[in-house]
Amino acid sequence: MTRWGILSTGHIAGRFAEDLRLVPGAELVAVGSRTIGSAEEFAGRHGADRAYGSWAELAADDGLDAIYVATPHAAHHEAARICLEAGRAVLLEKPFTLDLATSTELVELARARGVFLMEAMWMRCNPLILRLVELVRAGAIGEVTSVRADFGVAGPFPPEHRMRNPALGGGALLDLGVYPVSLAHLLLGVPQHVQAWAKLSPEGVDENTGIVFGYDSGAVATLGCGMVGATPLTAAITGTTGRIELPEPFFRPGSAVLHRAGAEPETLTDDPAGGGYQYEAAEVQRCLAAGLTESPLVPHAVTLEVMALLDGIRGRIGVDYA
């Protein structure tokens, strides 16, 4: 049995707690928040035995095997550091932190302590996504020539909302754009050329962002994110002999359509149970059982490469969280 703690009591934390019920051998036993009232309410709603009114108290609970950190991303570094220093395995929500420097600090701390650490990029643990990656690598659509993906929400967000607050890592890129960027990285790796443009809000965060990756192979990735209009949330992977289309939402697809040259389109499907968070929890448990300190599905190197790309994009569009 893997005994889980959840740090934070927001919407995503609740979704994770619900999906944890679907994971064999998983048990939610403790919740931590900055206020004991919020922790107790969450614990009662999701069946956890213990509630703590501080992150440090949760991290100090020796009855925990792993802690899922689901705070707003501006607090990821501090919350994860507290857990790692206490020797707790950590599943840390994406984006890992606000920048490469603090992400690197967490990875180095985890490695120095010999403690498991994984970014909760649930897309990389999704069975259908993994199946599609296998098909691409096996040459099902030939050599990949382009990846297209978008993630835009309608808004509008009021000025006080975290999405518009630079101090909280606001803007579309880290919250939404991390998905298209991660998909392109999953399929094509680190690009040799990066271009980006964004419309910034009065607060200085990106409202509408376009990104183009170029690869020496000749492949391109055209990616978008924004908080000024609901985009289709779809993706397409095109190769020299076919393509794969991912419907909404591409990062947690229930199906995909494989088009091969000279063949009828083939629809691939996935088990629709749960919200998709169960797969990342199961991966953490698999790794812990195997004595691993990082996941081969979401390795530290990939997390840092994606964060470096996000840093580079922010530099190009003029978003500074300092």
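**Salt bridges and a helix in a predicted model**

Mentor: Glu85 and Arg81 both belong to helix α4 (residues 76–85), and being four residues apart, they are separated by about one helical turn. Here helices (H or I, at least four residues) and strands (E, at least two) are DSSP runs, numbered from the N terminus. The model is predicted, so local features need pLDDT of at least 70 and side-chain atom pairs count only at pLDDT 80 or more, while totals for chains, interfaces and linings use all residues. Residues are numbered from 1 along each chain as its sequence is written, and side-chain values use heavy atoms, with hydrogens and water left out.

Trainee: What is the N to O distance in the salt bridge of Glu85 and Arg81?

Mentor: Side chains of opposite charge can pair when their charged atoms come close. A salt bridge is a side-chain nitrogen of Lys or Arg within 4 Å of a carboxyl oxygen of Asp or Glu. For the side chains of Glu85 and Arg81, the N to O value is 3.2 Å.

Trainee: How many salt bridges are there by this rule?

Mentor: The pair Glu85 and Arg81 is one of them. By this rule the count comes to twelve.

Trainee: Is Asp61, which forms a salt bridge with Arg50, buried or exposed?

Mentor: The closest N and O atoms of Asp61 and Arg50 are 2.7 Å apart. This pair links distant parts of the chain, since Asp61 lies in the loop between α3 (55–59) and β4 (66–69), and Arg50 lies in strand β3 (residues 50–52), eleven residues apart. Buried means under 20% relative accessible area, exposed over 50%, and partly exposed in between (1.4 Å probe, protein chains only). Arg50, at 31%, is partly exposed, whereas Asp61, with a relative accessible area of 8%, is buried.

Trainee: What is the relative accessibility of Asp150, which forms a salt bridge with Arg148?

Mentor: The closest N and O atoms of Asp150 and Arg148 are 3.2 Å apart. Arg148 counts as partly exposed at 32% relative accessibility. Asp150 counts as buried, its relative accessibility being 10%.

Trainee: Which residue just after α8 takes a positive phi?

Mentor: Helix α8 (residues 278–289) has twelve residues and reaches 16 Å from its first C-alpha to its last, close to the 16 Å expected at 1.5 Å a residue. That expected span is 1.5 Å times one less than the number of residues. Several residues of α8 are buried, among them Tyr279, Val284 and Cys287. Just after α8, a positive phi of about 75° is taken by Gly291.
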